[in-house]
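Please look through the sequence and the structure shown below, and then read the briefing that follows, which is grouped by topic.

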Amino acid sequence: MSTKSQRTAPAKVGPRERLIAGMNQAAARYGYKDASVARVVEQAGVSRATFYQHFTDKEDCFLAAFEQAAERIELALPRIEEEYSPALRASQLLDDLLANIIRDPAAARILLLEARAGGPRVRGAYMRLMNRIGETFERWLFGPGENGYRLYINGRAIMEGTGGVLVMRVFRGETARLADVRDDLMAWMYAYAMPEERTPLTPEDWRQLGAALPRATISPPVGDRRRLPRGRSAGPPEAVAGEHRERILDAVAVLARTKGYTAMTVADIVKTGAVTREGFYSLFRSKEDAFLAAQSAGLEQSISRTAAAFFTGESWPDRAWAGLEALLSFVAMQPDLVYLDVIESYSVGAAAVRRSFDNLMAYTLFLEDGYRQGPAAERLPRLCSEAIGHAILGVMRWQVMEGRTEDMMELLPQAAYLVLAPFLGPAAALELVQNRVAASSNQAATA
């Protein structure tokens, strides 16, 4: 064989690499939940015995696929930091992400979407990667700005807003059209630009601002679903069925947080809800059907509470603050329902993920008046609403994953700023938020 032939011969792909590629294809096609070992080895073209020579189980193989996809991002961060000015780093990272997603949509789905459905090891690796990206963003945001301006936004928020827009399109199979959202995402990011002599608030600054808000005891609104007493119920069949349905939905929400969707069984649900197996199947076809019903019930409760508070405000900024306050207080009061939607929905499959995205988009309707706040607001792309929704949901998700749901109200100043800044301007939005916190603190001190 000639030297030229030796140089151009393709590298041999071993069984481990084929299995990782097979996991990419199986997870992209079926989702993590249904990417079984049988489907992975079928995609890889190897035997089941070969699989277990290289991986202990499905999660082990998926983790290897995730780490391979994550490595591209890990390598890109120092390269971008070295080659680009601080003013260009965020846009270059976005361009790199878009290029990788378009080039390898299967690996992108592993990295951005299916990792959220994985087991503890996968979720841990996902959180570490997202933390690294968020911290890197935070460092970049404190560097020199562009033309005398820098982005005045929390690093985790910008990561979650941008990532959420991309995840939704990966889920919908719209990777070929991702380049179309690039300019709109950049317009959203730069809507938070302020003169660089203004130093952005750190994550700890935002937390302290939220901690300054008075801690009020919030009672469930009339009509909210409450936990019912255990045992059989006497009464008309319709009333009994309604009571059993509420018990089951409560049980699903509790188990989603304490045990996880994958591990919970119908037997767990009927035991926790104190209903019979026959009673469960008279109302639901499966645990997935019950999960989807609990997910819808959570949206109905949270959005009705948000809307009731939102429409009490005189101006749109007042309404936005009141709506967010009501939403975050609901989340603090109902951690099980929130965990079910923002964390465990990815473990259930496409129907639950689609419903979670639909839930988020329902909240963007509260932002429509923002585009009427002035000429600059009118020019903003409508994608801003979606990015803001993902940013707020993302910081809420981290609060839930870190086990700090009871402190959810600390996010109110940051969430209000994320909503208001693109439409009012970041300086005016920050002043409004700080004034609202000060007014609330003074009111509580004199009460």
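## Buried residues and enclosed spaces

Val-165 counts as buried because its relative accessibility is 0%, where buried means under 20% relative accessible area, exposed means over 50% and partly exposed lies in between, with a 1.4 Å probe and protein chains only. This is a predicted model, in which local features need pLDDT of at least 70 and side-chain atom pairs count only at pLDDT 80 or more, while totals for chains, interfaces and linings use all residues. Residues are numbered from 1 along each chain as its sequence is written, and side-chain values use heavy atoms, with hydrogens and water left out.

- Val-165 has its place in helix H9, and helices here are DSSP runs of H or I with at least four residues, numbered from the N terminus.
- Leaving aside neighbours within four places in sequence, Val-165 is in contact (heavy atoms within 4.5 Å) with Leu-185, Leu-383, Glu-386, Ala-387 and His-390.
- From C-alpha to C-alpha, Val-165 and Asp-369 are 21 Å apart in space, and they are 204 residues apart in sequence.

**Arg-397 in helix H20**

- Arg-397 lies in helix H20, which covers residues 383–401, and Arg-397 counts as buried because its relative accessibility is 7%.
- The side chains of Arg-397 and Glu-160 are joined by a polar contact of 3.4 Å, a term for a pair of N or O atoms within 3.5 Å where, within protein, one must be able to donate a hydrogen and the other to accept it, and where residues adjacent in sequence count only if both atoms are side-chain atoms.
- Apart from its neighbours within four places in sequence, Arg-397 is in contact with Arg-116, Glu-160, Val-342, Ile-343 and Tyr-346.

**Cavities**

- How many cavities of 30 Å³ or more does a search of the whole structure find? The search finds 5, where a cavity is a set of points, on a 1 Å grid over the protein atoms alone, at which a 1.4 Å probe fits but cannot get out.
- The largest cavity holds about 520 Å³ of space, a volume being the space filled by probe spheres set on the grid points, which are joined across faces, edges and corners.
- The largest cavity is lined by 31 residues, of which Leu-327, Asn-359, Leu-360, Tyr-363 and Met-396 are the closest to its centre; lining residues have an atom within 4 Å of a point.
- Helices H15 (287–310), H16 (316–333), H17 (335–348), H18 (350–363) and H20 each give at least two residues to the lining of the largest cavity.
- The lining of the largest cavity divides into 20 nonpolar, 9 polar and 2 charged residues, with Ala, Val, Leu, Ile, Met, Phe, Trp, Tyr, Cys and Pro counted as nonpolar, Asp, Glu, Lys and Arg as charged, and the others, Gly among them, as polar.
- The second largest cavity holds about 240 Å³ of space, and among its 20 lining residues Leu-97, Leu-112, Met-130, Met-159 and Gly-163 lie nearest its centre.
- Helix H9 supplies the largest share of the lining of the second largest cavity, 7 residues, and this lining divides into 15 nonpolar, 3 polar and 2 charged residues.

**Cysteines**

- A search of the whole structure finds 0 disulfides, a disulfide being a pair of cysteine sulfur atoms within 2.5 Å.
- Cys-61 counts as buried because its relative accessibility is 0%, and Cys-384 counts as buried at 0% relative accessibility.

Note on methods:
1 Å grid on protein atoms, 1.4 Å probe; cavity = no way out; pocket = protein on both sides within 12 Å on 5 of 7 lines; lining within 4 Å.
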